[in-house]
Amino acid sequence: MPRPLRVIAATFALLLVTACNSASSGGTAPSSVRGVTADSIRVGGIVSMTTASGYSKKDTDLGARARYDRANAEGGINGRRIEYLGAEDDGQDPARNLAAARRLVQQDNVFAVSPMSSVTFAGAGFLDAQKVPTVGWGTLPSFCGPAHLYGFNGCLVPTPGGTLNQTWPEGLAAVLGGARGKSVALIAGDNDAGKFGIRTFTQGFKAAGFQVAYAKAAVPATSMPSDWSAYTKEILRSGPGGRAPDAVVSVMQTPYNIGLFTALKRSGYKGVISDPTDYDPGLLAKDATKQALDGVHVLLQFQPFESDSPAMRQFKADIRKAAGGKDVPLNMHMMTGYMSADLFLSIAAKAGKDLTVESFQKAAAGFSDTGTLVGDRAEPKGQKESFGCGALVRLKNGRYEVAVPFRCYPPIPFG
């Protein structure tokens with residue numbers, strides 16, 4: 001063999017030996033898959049840590065970290081550790097949401113975004129176009145349809161042709177002894193999420209047999225009212241014969257709910273009050289907040305913390321460990337982050353050792369499991385409809401109690 005060819009052959013052999021040694025010793029061999037090396041999977045999150053109203057979902061990050069920490073302690077996913085970068089704060093601002101998505105992909109080179117929890121998801125189109133598996137709280141239409149976006153409990157706000165989760169209407173019907181002859185008032189913020197929420201819940205409550213006496217996305221979303229009297233007067237006269245409705249349902253965040261519920265109670269309202277956000281023992285530290293929320297029925301889309309299932313015991317242990325061994329007050333945002341991470345991990349595990357976007361998507365297309373904290377899960381069903389499970393808890397005398405046990409309800413067509 002001529003000398004130049006011998007040199008080339010020897011050099012090539014050396015490169016092969018080096019590559020093999022790197023792989024066998026657990027080194028980070030080069031990969032053509034963004035965010036995936038021989039021994040790690042890089043993941044980031046997007047969460048509304050701060051907002052203009054003071055409402056925060058920051059504990060979503062803790063919940064995700066708790067689940068990823070356990071996965072790593074158990075050996076990772078098919079031999080790869082999860083390198084969780086933490087969550088970017090979008091400040092509940094569309095521009096910041098998109099900027100965070102771009103930064104995670106273009107600068108941090110993440111394989112996936114999980115969790116994503118915000119009332120805005122301007123980065124949805126970018127993440128889907130870049131083929132970034134994204135898992136979060138499916139409270140926005142963006143989680144309903146795009147190929148690479150997944151709600152941890154499914155698609156909660158479907159497009160026409162999809163289905164609606166009936167947990168809330170059916171749960172309140174159980175509280176009221178049936179929906180027949182009962183009226184409900186629905187109120188939300190004046191933004192896209194609020195308007196869509198009013199549209200979907202109006203249909204859901206009517207389908208359950210309620211009379212929807214009031215349904216408006218009328219509350220300014222950027223500046224919380226200091227005087228709620230205009231809203232309460234209209235609501236309290238909206239029922240049959242100008243009477244108060246049997247239930248008032250708020251599709252708003254905690255600071256707004258506190259103001260509205262306080263005003264309703266001061267006006268003498270004695271009906272059922274319900275919302276989907278105020279399941280948080282930390283809210284009970286202030287007397288005014290505790291009084292405003294006393295008696296309120298809160299919608300949950302997961303098993304209540306008061307349950308004693310093996311999955312709930314595991315969740316509590318994981319959160320405690322991630323919090324440095326401290327018993328921290330549990331809240332729904334921890335669960336949102338935890339179950340977002342759990343769905344991502346479950347699909348990634350099924351994708352096998354050869355993890356790529358394509359193998360992840362293939363695994364998702366045939367994914368299902370049962371008995372989780374959000375009920376039975378299945379994809380791609382979850383990209384078209386919710387998993388249909390939930391419960392209602394009620395705050396009473398400073399403690400939450402289960403008002404309607406966790407169960408799954410048949411969905412209804414949305415149109």
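## Ground rules

Residues are numbered from 1 along each chain as its sequence is written, and side-chain values use heavy atoms, with hydrogens and water left out. As the model is predicted, local features need pLDDT of at least 70 and side-chain atom pairs count only at pLDDT 80 or more, while totals for chains, interfaces and linings use all residues.

## Helix α3

Let's start with α3, which covers residues 94-107. Helices here are DSSP runs of H or I with at least four residues, strands are runs of E with at least two, and both are numbered from the N terminus. At 1.5 Å a residue, the 14 residues of α3 should span 20 Å, and the end C-alpha atoms sit 19 Å apart, which agrees. (The expected span is 1.5 Å times one less than the number of residues.)

Which residues of α3 are buried? They are N97, A100, A101, L104 and V105, where buried means under 20% relative accessible area, exposed means over 50% and partly exposed is in between, using a 1.4 Å probe and protein chains only. Seen down the helix axis, the buried residues fall within an arc of 120°, so they line one face of α3; that arc is taken from the directions from the helix axis to the C-beta atoms. On the other side of α3, A95, Q106 and Q107 are exposed. The cover over the buried residues includes β1 (40-47), β2 (81-89), β3 (112-117) and α4 (124-129).

Just after α3 comes N109, in the loop leading from α3 to β3. N109 has a positive phi of about 55° even though it is not a glycine. With a relative accessible area of 38%, N109 counts as partly exposed.

## The largest pocket

The largest pocket has a volume of about 1200 Å³. Of its 49 lining residues, V119, A193, G194, V251 and Q253 are the closest to the centre. For the record, a pocket is an open set of points on a 1 Å grid over the protein atoms alone, where a 1.4 Å probe fits and protein lies on both sides within 12 Å along at least five of seven lines; lining residues have an atom within 4 Å of a point. The elements giving two or more residues to the lining are α5 (167-175), α6 (192-207) and β11 (297-300). Of these, α6 gives the most, with eight residues.

Leaving out residues up to four places away in sequence, Q253 touches S53, Y55, Q92, V119 and T277, a contact being heavy atoms within 4.5 Å.

Most residues other than glycine have a negative phi, and most peptide bonds are trans. N397 lies in the loop between β14 and β15 (399-408), and with a relative accessible area of 68% N397 is exposed.

Where are the cis peptide bonds? One runs from S114 to P115, with omega near 20°, and P115 lies in strand β3. Another joins E379 and P380, with omega about 5°; P380 lies in the loop between β13 (375-378) and β14 (389-396).

Conventions: Points joined across faces, edges and corners; volume = space filled by probe spheres on them.
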